[in-house]
Amino acid sequence: MRTRDWIATEEQHQALETGRRPAPPPPEWLIEHGIGTGRPPVRVHAGGCWDTRTRCKPATADQARRALAEGVSACPHRRPDTAIGLLGCGRRVRSRCGRGR
């Protein structure tokens, strides 16, 4: 009986310790993918953007830069194209989301 009580107490302590760990920081860049076969990238977001969806995956700065250079839209809210430094390079990058504008 004492062993079972000890095990239960230890499991409770472990559960509390797990719950106290801080959440990991958000990724610096996110790439949002479309719906359907192949799921092509549709928008690049800066980390912490409020307009991200469940179809976003973390990306490195190089991956985000490459996606923007290939014509993937930049999020109009946090402007990752400006933050990553592509607008000053003479490249024209689409910054509108594809909502018929």
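Let's start at His45. Setting aside its neighbours within four places in sequence, His45 is in contact with Glu28, Trp29, Leu30, Glu32, Asp51, Thr52, Cys56, Cys75 and Pro80. Keep in mind that this is a predicted model.

Where does His45 sit? It lies in strand E2. Is His45 buried or exposed? Buried. Its relative accessible area is 0%, and the cut-off for buried is under 20%.

Pick out one of those contacts, Glu32. The side chains of His45 and Glu32 are joined by a polar contact of 2.8 Å. Glu32 is buried too, with a relative accessible area of 3%.

Side chains of opposite charge can pair when their charged atoms come close. How many salt bridges are counted here? The count is three. Let's take them in turn.

Glu32 again. Arg55 forms a salt bridge with Glu32, and their closest N and O atoms are 3.3 Å apart. Look at where the two residues are. Arg55 lies in the loop between E2 and strand E3, residues 56-59, while Glu32 lies in strand E1, so the pair ties together parts that are 23 residues apart in sequence. Compare their surroundings. Arg55 is partly exposed, at 23% relative accessible area. Glu32 is buried, at 3%.

Next pair. Asp51 was on the contact list of His45. Which residue does Asp51 form a salt bridge with? Arg43. Their closest N and O atoms are 3.0 Å apart. Asp51 counts as buried, at 9% relative accessibility. Arg43 counts as buried as well, at 7%.

Then we move to helix H2. The side chains of Arg65 and Asp62 meet in a salt bridge, 2.9 Å from N to O. How far apart are Arg65 and Asp62 in helix H2? Three residues. Helix H2 covers residues 61-69, and the two are separated by about one helical turn. Arg65 counts as partly exposed, at 30% relative accessibility.

One last stop, the backbone. Most residues other than glycine have a negative phi. Now look at Arg39. Its phi is near 40°, a positive value in a residue other than glycine. Where is Arg39 found? It is in the loop between strand E1, residues 29-33, and strand E2, residues 41-46. Arg39 is partly exposed, with a relative accessible area of 35%.

To recap, go back to Glu32. Its side chain has a polar contact with His45. Glu32 also has a salt bridge with Arg55. Find Glu32 in the structure and trace both. Thanks.

How values were computed:
Residues numbered from 1 in each chain as written. Predicted model: local features only at pLDDT ≥ 70, side-chain atom pairs only at ≥ 80, totals over all residues. Heavy atoms only, no water. Helix = DSSP H or I, 4+ residues; strand = E, 2+ residues; numbered from the N terminus. Buried < 20%, exposed > 50% of the residue type's maximum accessible area, 1.4 Å probe, protein only. Polar contact = N/O pair within 3.5 Å; in protein donor to acceptor, adjacent residues only side chain to side chain. Contact = heavy atoms within 4.5 Å. Salt bridge = Lys/Arg side-chain N within 4 Å of Asp/Glu carboxyl O.
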